[in-house]
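Visitor: I would like a close look at one part of this protein. Please take it slowly and connect it to its surroundings.

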Amino acid sequence: KINIPSGSCFFVDINWFKSVNFFDENTFLYEEEHILFEKVLSSDKTVLLSTNNYVIHLGQKSSFINSIERRNIFLKSFKLYMTKYRSYNNLFAEMLIKYIVWSEYIIRIFKRKKI
């Protein structure tokens with residue numbers, strides 16, 4: 001029994017998946033697993049991990065999005081997750097995103113300086 005499902009391959013009861021409206025169509029590449037887990041929690045289901053299977057995932061082969069676009073997609077999906085599925089208000093989500101963006105900026109500044 002695990003918490004957040006993660007990975008490129010999973011099995012799901014299709015009737016349950018349909019009952020929770022499948023994946024949220026407003027996300028892409030990010031936060032799908034967190035949203036799926038929120039749906040699992042709200043329906044009193046559990047997530048099980050099978051260690052008896054082996055799947056090869058050819059990561060990042062299906063998307064050729066540059067890093068700025070990828071980051072913007074993440075931030076959009078993250079905001080949706082925070083507001084719609086975690087019930088945080090829009091202002092808090094915006095502040096959290098600003099914090100992430102500024103943190104990235106500060107890290108880039110310090111990486112450029114030789115300390």
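Which residues make up the largest nonpolar core?

Guide: The model is predicted, with a mean pLDDT of 86 for the protein and 90% of its residues at 70 or more. Confidence is lowest in α2, at a mean of 89, and highest in α1, at 94.

The largest nonpolar core has 10 residues in all: I35, L75, F78, L80, Y81, M82, Y85, A93, I97 and I100. Two helices, α3 and α4, each supply at least two residues of this core. The most comes from α3, which gives 6 residues. In general, nonpolar side chains of soluble globular proteins tend to be buried together.

Helix α4 runs over residues 90–112, which is 23 residues. From its first C-alpha to its last it reaches 33 Å, close to the 33 Å expected at 1.5 Å a residue. The buried residues of this helix are A93, I97 and I100, and A93, I97 and I100 also belong to the core. The spacing of such positions follows a general rule: an α-helix has 3.6 residues a turn, so residues three or four places apart point the same way. Among what covers the buried residues of α4 is α3, residues 67–85. I100 gives a specific case: leaving aside neighbours within four places in sequence, I100 is in contact with L75 and F78, and both L75 and F78 are listed in the core.

The N-terminal end of α4 is capped by N89, with a side-chain oxygen 3.1 Å from the backbone nitrogen of L91.

Now the α2 side. Helix α2 spans residues 32–42, and its buried residues are E32, I35, L36, F37, E38, K39 and V40. One of these, I35, is a member of the largest core. The cover over the buried residues of α2 includes α1 (14–19) and α3. E38, which sits in helix α2, has a relative accessible area of 15% and therefore counts as buried, the limit being under 20%. Not counting residues up to four places away in sequence, E38 touches Y81, Y85 and R86; of these contacts, Y81 and Y85 are core residues. After α2 comes D44, with a positive phi near 55 degrees.

Returning to the core as a whole, α3 gives the most to it, with 6 residues. Apart from this core lies another, of 7 residues, among them F17, V20, L36 and F37. L36 and F37 are also among the buried residues of α2, and I35 of that helix is in the largest core.

Aromatic pairs complete the picture. The count comes to 7 aromatic pairs. One of them is W16 with F17, stacked at 6.3 Å centre to centre with 20 degrees between the planes. Both W16 and F17 are buried. The rings of Y88 and F92 also form a stacked pair, because their centres are 4.9 Å apart and their planes meet at 25 degrees, where under 30 degrees counts as stacked. Y88 has 35% relative accessibility and so counts as partly exposed, and F92, at a relative accessible area of 37%, is partly exposed too. Ring pairs also link W16, F17, F22 and F23 into a cluster, and F17 of that cluster is a member of the 7-residue core.

Notes:
Residues numbered from 1 in each chain as written. Predicted model: local features only at pLDDT ≥ 70, side-chain atom pairs only at ≥ 80, totals over all residues. Heavy atoms only, no water. Phe/Tyr/Trp six-rings, centres within 6.5 Å; stacked < 30°, edge-to-face > 60°. Buried < 20%, exposed > 50% of the residue type's maximum accessible area, 1.4 Å probe, protein only. Helix = DSSP H or I, 4+ residues; strand = E, 2+ residues; numbered from the N terminus. Expected span 1.5 Å × (residues − 1). Contact = heavy atoms within 4.5 Å. Polar contact = N/O pair within 3.5 Å; in protein donor to acceptor, adjacent residues only side chain to side chain. Core = buried A, V, L, I, M, F, W, Y, C linked by side-chain atoms within 4.5 Å. pLDDT = per-residue confidence, 0-100.
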